[in-house]
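This briefing goes through a few local features of one structure. Keep the sequence and the 3D view open while reading.

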Amino acid sequence: MTHLGTSDQLLRNTALQWLGEQVQKFGDVLPASMLQAGFEFRNRQVPIISQQGIFRPQGFEVPLSIRTGVNSPYSDAETDEGLLRYDYEAGGINRRSNAGLRHAMNHQIPLVYLKIVQHKSPRQYLVLSPVYIVHDDPSTESFLVNLEYAMGMHPGLVGSQRDEHVADSYHDIYDPQKQVERQYALRTYKQRLHQSTFRENVLHAYRNQCTICSLKHRQLLDAAHITPDSHSDGFAVTSNGLSLCKIHHAAFDSNVMGISPDYQVHVREDILKEVDGPMLRHGIQEMHGKQILLPKGRDHKPDRDRLARRYERFLEVG
Ligand SMILES: [Zn+2]
């Protein structure tokens with residue numbers, strides 16, 4: 001990391017490290033409120049995100065984060081080179097925010113990319129860091145962003161090694177071999193985005209509760225698929241999802257428990273007869289015959305046809 005004052009370098013390192021710790025703790029989708037509050041640095045709070053798409057917190061020379069907005073006119077799209085396109089803010093390259101990103105590009109300065117995955121309150125962002133701007137395209141008024149490092153493709157590269165590696169990537173955006181690597185990073189990103197969006201939509205619809213036992217700890221909740229997700233984007237609709245805690249997700253997937261199309265919980269015959277500790281008794285057997293908790297809004301309710309097909313399999317196994 002060069003061509004930055006020590007204050008920016010220190011703040012930026014602290015920001016990236018703090019974000020890394022939050023991702024370790026909470027996963028790579030973080031609420032807007034947490035990013036707005038940011039981290040404490042010498043008795044003041046440093047936010048990661050603000051109203052601006054390209055954000056340079058106080059004390060930074062160059063922007064720290066770029067994000068996609070809620071009703072933003074700017075969109076990101078993938079390029080053939082395996083990079084993500086990020087549009088200038090209106091006002092051309094001389095606008096301070098855009099000029100800041102160009103500066104970040106010229107000096108390989110790491111940035112944070114925040115992609116919205118839940119628009120409804122509480123808003124949630126997928127966090128990608130570090131990302132690097134590798135190309136500036138004035139003709140389309142957009143930057144190209146390299147996601148490789150944020151997607152964990154070069155875990156062994158740290159410090160100056162990574163700086164060198166990043167510096168190389170500025171010269172070879174058309175190198176076919178590098179393009180293959182970046183395409184891979186982009187695919188990984190799209191999968192993660194797809195999964196995160198599905199998860200956030202489903203959890204939001206069920207108000208962050210397990211539909212069977214009403215457990216309310218997000219970290220213990222999954223968005224389970226009713227019809228398995230082997231066909232990529234096709235089934236990313238909330239009505240193909242169920243918000244389930246980890247144990248009930250596993251029980252549902254392994255046909256220990258089933259949910260009939262009339263939204264009733266069923267425990268497999270042989271499991272009902274078993275005698276064991278409190279997890280089996282309270283966590284599983286006592287759920288038999290319960291109605292699941294349903295989300296508001298007809299579009300979000302579990303699809304009865306999908307449930308019926310799934311339930312048939314449950315009966316076959318039992
Ligand atoms: Zn549960």
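In which helix do Tyr311 and Phe314 both lie, and how many residues apart are they? They lie in helix α9 (residues 304-317), 3 residues apart, or about one turn of the helix. The model is predicted. The points below cover aromatic pairs, a zinc site and one histidine.

**Aromatic pairs**

- A search of the whole structure finds 5 aromatic pairs.
- One of the aromatic pairs is formed by Trp18 and Phe39; it is tilted, with 35 degrees between the planes and 6.0 Å centre to centre.
- Trp18 belongs to helix α1 (residues 6-26) and Phe39 to strand β2 (residues 39-41), so this pair ties together parts that are 21 residues apart in sequence.
- Trp18 and Phe39 are both buried.
- Tyr311 and Phe314 also form an aromatic pair, and this pair is stacked: the planes are 20 degrees apart and the centres 5.6 Å apart.
- The stacked label applies because planes under 30 degrees apart count as stacked.
- Both Tyr311 and Phe314 are buried.

**The zinc site**

- Four residues coordinate the zinc ion: Cys210, Cys213 and Cys245 through SG, and His248 through ND1, at 2.1 to 2.3 Å.
- The arrangement is tetrahedral because the 4 donor atoms subtend angles of 95 to 119 degrees around the zinc ion.
- For comparison, the ideal angle for four tetrahedral donors is 109.5 degrees.
- Along the sequence, the donor residues follow the spacing C-x2-C-x31-C-x2-H.
- Cys210 and Cys245 link distant parts of the chain, being 35 residues apart.
- Cys210 sits in the loop between α5 (176-205) and β11 (221-225), while Cys245 sits in strand β12 (residues 241-245).
- Are Cys210 and Cys245 buried or exposed? Cys210 is buried, with a relative accessible area of 0%, and Cys245 is buried, with a relative accessible area of 3%.

**His103**

- His103 is part of helix α3 (residues 96-106).
- Its relative accessibility is 30%, so His103 counts as partly exposed; the partly exposed class lies between the buried limit of 20% and the exposed limit of 50%.
- Which residues does His103 touch, not counting residues up to four places away in sequence? They are His3, Val62 and Ile109.
- His103 and Leu19 are 84 residues apart in sequence, and their C-alpha atoms are 23 Å apart in space.

Technical notes
Residues are numbered from 1 along each chain as its sequence is written. This is a predicted model: local features need pLDDT of at least 70, side-chain atom pairs count only at pLDDT 80 or more; totals for chains, interfaces and linings use all residues. Side-chain values use heavy atoms; hydrogens and water are left out. Donors are N, O and S atoms within 2.8 Å of the metal (3.2 Å for Na, K and Ca); water is not among the atoms, so sites may look incomplete. Four donors count as tetrahedral if all angles lie between 85 and 135 degrees; four count as square planar and six as octahedral if opposite donors are over 155 degrees apart and all others between 65 and 115; anything else is irregular. Helices (H or I, at least four residues) and strands (E, at least two) are DSSP runs, numbered from the N terminus. Buried means under 20% relative accessible area, exposed over 50%, partly exposed in between (1.4 Å probe, protein chains only). Rings of Phe, Tyr and Trp (its six-membered ring) pair if their centres lie within 6.5 Å; planes under 30 degrees apart count as stacked, over 60 as edge-to-face and the rest as tilted. Contact means heavy atoms within 4.5 Å.
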